[in-house]
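Here is a short tour for you to follow with the coordinates open. Have a look at the chain first, and then we can walk through a few of its features together.

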Amino acid sequence: MATLPPVLASRRAARVHLPNSTPAVLRYQDGSRVAGNLQVVSAAGGMLRLSQPLDPNTRVSLIFVSDGGTVLGKAEMLEPLSSTQQAFRFVELDRNNRRNLQFGIQSHLNQSFDEDRWIAKYRSAILHRAPSQRGTLKIVFGSVAFGILVLISAVYFFHFELFK
């Protein structure tokens, strides 16, 4: 397994907040296992929901399934954020697992981008839509009908007024 390059401080890895519960398994060096759910993931690490946090600096094998395929790598646990949330960083990922992780992240980013683009297009259509022609036609026909009614009333009135 290749060791990951240090993350550049000026460039932050793209993070994906996973909408669904993504099961993850952490395996200690002694073979014992802990189950959790992956909440956030990036090329550098992520955040897990665990029943109880692990000690910081604990190294585990982490496995989960992303949209790009199964990801298996070595991770180091960081300080817990709460009693159930704990951040981690990847310390080793081979080429195939890194590719699967990147494909999974990109898949979520593209999906999010497509949804955002669709929402923006929908909002723009609502704000800039032309007035309905049905409403305009109703006004025109209503005005014509009212004019005809006035004309018929006038003819009727003058016709019977003149004969008296």
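How many residues lie between β5 and β6 in their hairpin? There are four residues between these two strands. Please keep in mind that this is a predicted model.

## Strands and hairpins

Let's begin with strand β4, residues 59-66, which runs antiparallel to strand β5, residues 69-80, with eight bridges joining them.

## A salt bridge across the hairpin

Side chains of opposite charge can pair when their charged atoms come close. Glu 76 and Arg 89 form a salt bridge, and their closest N and O atoms are 2.7 Å apart. Since Glu 76 belongs to strand β5 and Arg 89 to strand β6, the pair ties together parts that are 13 residues apart in sequence. The count of salt bridges comes to one.

How do the two partners compare in accessibility? Glu 76 is buried, at 10% relative accessibility, whereas Arg 89 is partly exposed, at 35%.

## A nonpolar patch

Now turn to the surface, where Val 140, Val 144, Ile 148 and Ile 152 make up a nonpolar patch with about 350 Å² of accessible area together. Val 140 is part of helix α2, residues 133-162. With a relative accessibility of 44%, Val 140 counts as partly exposed.

Conventions. Residues numbered from 1 in each chain as written. Predicted model: local features only at pLDDT ≥ 70, side-chain atom pairs only at ≥ 80, totals over all residues. Heavy atoms only, no water. Pairing = 2+ DSSP bridges. Patch = residues over 30% accessible without salt bridge, like charges linked within 9 Å, V, L, I, M, F, W, Y side chains within 5 Å. Areas by Shrake-Rupley, 256 points an atom, 1.4 Å probe, with all protein chains shown as cover. Salt bridge = Lys/Arg side-chain N within 4 Å of Asp/Glu carboxyl O. Buried < 20%, exposed > 50% of the residue type's maximum accessible area, 1.4 Å probe, protein only.
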